[in-house]
Amino acid sequence: MSGNERYVTNADLGGTTGHGAIEHDDERVVFHHQWEARVLAMTVAAGASGKWTLDMSRRYRETLPDYADLSYYEIWEAGLERLLVDRGLVTADELAAGHALVKPLEGIRVLKAERVAAGMRSGSSTERQVSALPRFAVGDLVRTRADRVDHHTRLPSYAAGKIGRIERLHGPHVFADSHAHDLGEQPAWLYGVVFDAAELWDDAAPRPDAAPRQSVLIDAWESYLEPVDERDT
Amino acid sequence: MDGHDHHHEHEHADDHSELGPMDVRVRALETLLTEKGYIDPAALDELIDTYQTRVGPRNGARVVARAWVDPEFRDWLRRDGTAAIASLDYGGRQGEHMIAVEQTDHTHNIVACTLCSCYPWPVLGLPPTWYKSAPYRSRVVRDPRGVLAEFGMTLPDEVEVRVWDSTAEIRYLVIPQRPAGTDDWTEEQLAELVTRDSMIGVGVPLDPMSLGDHELSST
């Protein structure tokens, strides 16, 4: 979906190691720097332009080459700059100058202060209607896609090629993989799929038989899944 | 007036003495987008104020407290989290599709987003830095008990740990167990016990004994 270049995400962190300790913070601290607040607000406000989708924003952030070296809001800021240039809202020269040099794009929706509360309150549902019936039912065993794909996807690599069980049927939702690449919503059935930890982490150190039970649930679109015959397991 | 002048002084100080590279870069971007007519700076102020003062974990705490005192609401929350939460007027961006998951004696739930930072904004506000950072995202799915230990929690071996990795647009809110000894507490008092971390699953509500009579009577 992304042409000839290989799609590389730097955000698929589940199960990776070597990231150090968790630095807990107080629940009253929302932003650590004033600029972080401006980045959050600019990202939300610019998103209202209608020139890209949330899935596209994620694609632009996760493919930043220096993703691992940036703080969270540095990632957002860099992702926003790339989107603004690629979608033709600003030029690289304007970013460098910090001022407008050419005429703005026409037809850009602007989020006004008085519309903020209503806009945030209504949000934007990703649930859609589809004519196809769901392929799987709650309780079915499924195997997730094992092959790597050359586009944005929401199947974490730790859960690729693994057997899980359908636990929830969420309804049809906008398909992130296509939506992130400007290929339309292509809504498809979304499922909550649960995996036993032993299925996910088979390279982990052997566990004693009485190991505490552990499971992980992911939300997976139907095309991530194929049926598994219960008798084969 | 005093408050305004005070605020202005801070901004002034920022202007001249504490500008880091990101301050400069972000200001340049905001100037550019404003000159182009793409953003309304007043809308940015409004967005920031929304998530700094109005939409945060106190919203989720009210949902939890209602679930603790009202069995019908709890049932509704189980059946249709989005609708039940909307009845308290919480919903919208990053909470369009809500599922509430309950802590029990048998199952302990933890919410994460290993791929980015998905989080139920309408009930918890913006995610904390640790939730969005590599250490939590990488480890929580593989070693949730180790992560809980870092948050100071140890679970009995017989309790199943369930991690909810928010990989689509479904958002999860953990409903912690109601602390013992709170039978005669009001809903408002109970909400005071509910912490952000307990609604992510990496903490438990405050100990009722930690809130003295004085604090209770003043709420």
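This is a predicted model: local features need pLDDT of at least 70, side-chain atom pairs count only at pLDDT 80 or more; totals for chains, interfaces and linings use all residues.
**View 1. The side of chain A that touches chain B.** In this view, 72 residues of chain A contact 68 residues of chain B. Six elements of chain A each supply at least two residues of that side: α1, α3 (72-86), α4 (92-97), α5 (116-122), β2 (163-173) and β4 (214-221). The largest share comes from α1(A), with 11 residues. By class, the side of chain A that touches chain B divides into 35 nonpolar, 21 polar and 16 charged residues.

**View 2. Helix α1 of chain A against helix α3 of chain B.** The crossing of α1(A) past α3(B) is right-handed. From α1(A), the contact residues are A37(A), R38(A), A41(A), M42(A), V44(A) and A45(A). They meet A43(B), L44(B), L47(B) and I48(B) of α3(B). Nine of the residues in this contact are nonpolar, none is polar and one is charged.

**View 3. Helix α1 against helix α3 within chain A.** Here α1(A) packs on α3(A) at an angle of about 35°, with 9 Å between the axes. The crossing of α1(A) past α3(A) is left-handed. On the α1(A) side, the contact is made by E36(A), V39(A), L40(A), M42(A), T43(A) and A46(A). On the α3(A) side, it is made by Y73(A), W76(A), E77(A), L80(A) and L84(A). Eight of these residues are nonpolar, one is polar and two are charged. M42(A) belongs to this contact and also to the contact of α1(A) with α3(B).

**View 4. Strand pairing between the chains.** Strand β4(A) pairs with strand β3(B), residues 160-165. The pairing is parallel and runs over five bridges. In one of them, L217(A) has W164(B) of β3(B) as its partner. Strand β4(A) is also among the elements that supply at least two residues of the side of chain A that touches chain B.

**View 5. V141(B), a loop residue with contacts in both chains.** V141(B) sits in the loop between α9 (134-139) and α10 (144-150) of chain B. It counts as buried because 27 C-beta neighbours lie inside 10 Å. Beyond its neighbours within four places in sequence, V141(B) contacts G14(A), G15(A), Y158(A) and V216(A) of chain A, and A112(B), T114(B), V163(B) and D165(B) of chain B. C118(B) is 23 residues away from V141(B) in sequence. Their C-alpha atoms are 15 Å apart.

**View 6. S117(B), a buried residue in another loop of chain B****.** S117(B) lies between β2 (107-112) and α7 (121-124) of chain B. With 22 other C-beta atoms within 10 Å, S117(B) is buried. Leaving out residues up to four places away in sequence, S117(B) touches P127(B), Y131(B) and K132(B). T167(B) is 50 residues from S117(B) along the chain, with 9.5 Å between the C-alpha atoms.

**View 7. Chain B as a whole.** Chain B has 13 helices and four strands. Of its 219 residues, 51% count as buried. V141(B) and S117(B) are among the buried residues. Of the contacts in chain B between residues at least 6 apart in sequence, 70% join residues at least 24 apart.

Definitions and conventions. Residues are numbered from 1 along each chain as its sequence is written. Chains are lettered from A and ligands numbered from 1 in the order in which they are written. A crossing is left-handed if the near helix is turned anticlockwise from the far one by less than a right angle, and right-handed if clockwise. Two residues are in contact if their C-beta atoms, placed from the backbone, lie within 7 Å. Ala, Val, Leu, Ile, Met, Phe, Trp, Tyr, Cys and Pro count as nonpolar, Asp, Glu, Lys and Arg as charged, and the others, Gly among them, as polar. Two strands pair if DSSP finds at least two bridges between them. A residue is buried if 20 or more other C-beta atoms lie within 10 Å of its own, exposed if 12 or fewer, and partly exposed in between; C-beta atoms are placed from the backbone. Axes are lines fitted to C-alpha atoms, for helices over the stretch in contact, and angles run from 0 to 180 degrees between N-to-C directions.
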